[in-house]
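These are my notebook entries on one structure. I set down what I looked up and how each term was defined.

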Amino acid sequence: MKEKILENINNPTALEQLYRSDKNNFKKAFDSVYANEPINTTLEVWKERLHYKEPSSSLFSKKELVWAVVLIFIAGLIANIGNLKAVDGELFYTRNTAFIIIPFVAAFFLLKQNADNRIKIIVAVLFGISAIYINLLPNLRISSSIQLTYIHLPIFLWCVLGYAYIGEDYNNNIKRIDFLKYNGDLLVMSVVIMLAGMLFTGITFGLFELIGVKIQLFYMQYIAIWGIAGVPIIATYLISTNPQIINKVTPIIAKIFTPLAFINLTIYLITLISKGKYPHHDRNLLLIYNALLVGVLALIFFSIAEAEKNKKGNYNSLLILGLSILTIVINGIALSAISFRIFEYGVTPNRIVVLGTNLLVFVNLLLVAGQIIKAIKNNTALTAVQESIAKYLTLYAIWVGLVAFL
């Protein structure tokens, strides 16, 4: 091997082939060559490649850990308010679950980025107004307007979290894309932590059952609730301090599920047309359609990252385009259904909101499809598709704010 390295010292392709054919022997032989040959650029490059060590990253050596622990403690205290006897627990958690999570994740980013005081004040005021507003609403169980606030105010808080993440440069599409990617990573990491927590909880219950002690009620009310409140903060801390442990997972998941979603929606549309069961009279089916639209948009967004790394002709681009077109068709069916319900049964808060949401997503999907077609036609990158989704976030933020407050 040593002789072969010396023979091909100025042939990068041959050196690469030698390395891949037998990495261990290549490394040993190279060390001998490096020690005895005059230093040159090729040898220096290979030395760094073979002996480079990644900087060690510790989960417990940074000040972010202290912030995370303090924030989890405060979030747990607020979460336990619902366990007080004087508090209606069901009503408290219905209105305040988002406030137990989102403001503390935002606080983590504001601390980590050493954000300007102006940004901190704006974020704090928006969270404060939102918390006061939702807790002053009357307790009407059958109010459509209040139910819509319960659904849309957490999304508005998510938009405020986005502002805390991005900062003053909130029109920067690259930062917006990073924020959306963070959300995908957060979802994956949170699920992993939750599954581990559930396993730990089950083992704990089993151990105490063996000695005849039932701790389920106490554990869930006063211990597990701290863990649940802290999951997004722990996940955010891990993502921000060790991005290499998760940032490749979300695009791979999207890559797996994009073709599955395409096949699923194709079969669904064929079945829908053959059965003739449209959602014009089925409210629940219409709600599922709306959830589907948001899910497909997220799938398209995260599929693009993997498509850019794995270009095999235009297969990935065509697949994403096909998925977006199928979703546009389904969105069109949803729009016709809600328009029919408004015409047939009259205007209600729910129908206005569903119509507005569907119109927003419909236009967004059209823009996405247009960008994909342009990328395929010009054989260019799909990054413009992500940007078209990122730019649209402002309209979503305005819409959910209007629904939540007006």
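Which residues are linked with R49 in a network of salt bridges? I found that E16, R20 and R49 are linked in such a network. A salt bridge here is a side-chain nitrogen of Lys or Arg within 4 Å of a carboxyl oxygen of Asp or Glu.

I noted the basis of the entries before going on. The model is predicted, so local features need pLDDT of at least 70 and side-chain atom pairs count only at pLDDT 80 or more, while totals for chains, interfaces and linings use all residues. Residues are numbered from 1 along each chain as its sequence is written, and side-chain values use heavy atoms, with hydrogens and water left out.

**Entry: salt bridges**

I searched the whole structure and recorded five salt bridges. Side chains of opposite charge can pair when their charged atoms come close.

I looked up R49 and E16, whose closest N and O atoms are 2.5 Å apart. This pair links distant parts of the chain, with R49 in helix 4 (residues 41-51) and E16 in helix 2 (residues 12-21), 33 residues apart. Helices are DSSP runs of H or I with at least four residues, numbered from the N terminus. R49 counts as partly exposed because its relative accessibility is 43%; buried means under 20% relative accessible area, exposed over 50% and partly exposed in between, with a 1.4 Å probe and protein chains only.

I next recorded K112 and E64, which form a salt bridge with their closest N and O atoms 3.2 Å apart. Here too distant parts of the chain are linked: K112 is in helix 6 (residues 89-112) and E64 in helix 5 (residues 63-79), 48 residues apart. K112 is partly exposed at 32%, whereas E64 is buried at 10% relative accessibility.

I also listed E209 and K214, whose side chains meet in a salt bridge at 3.6 Å, N to O. E209 is partly exposed at 35%, and K214 is exposed at 68%.

**Entry: aromatic rings**

I counted 19 aromatic pairs. Rings of Phe, Tyr and Trp (its six-membered ring) pair if their centres lie within 6.5 Å; planes under 30 degrees apart count as stacked, over 60 as edge-to-face and the rest as tilted. Ring pairs join F108, F109, W158, Y165, F179, Y182 and Y237 into a cluster.

**Entry: nonpolar cores**

Which residues have the most contacts inside the largest nonpolar core? I found V123, Y182 and I233, in a core of 52 residues. Such a core is a set of buried Ala, Val, Leu, Ile, Met, Phe, Trp, Tyr and Cys residues joined through side-chain atoms within 4.5 Å. Among the elements that give two or more residues to this core are helix 7 (117-136), helix 8 (144-166) and helix 10 (216-241). Apart from this core lies another, of 39 residues, including I177, Y289, L360 and I389.

**Entry: F362**

I placed F362 in helix 14 (residues 349-378). F362 counts as partly exposed because its relative accessibility is 22%. Leaving aside neighbours within four places in sequence, F362 is in contact (heavy atoms within 4.5 Å) with I328, N331, G332 and L335.
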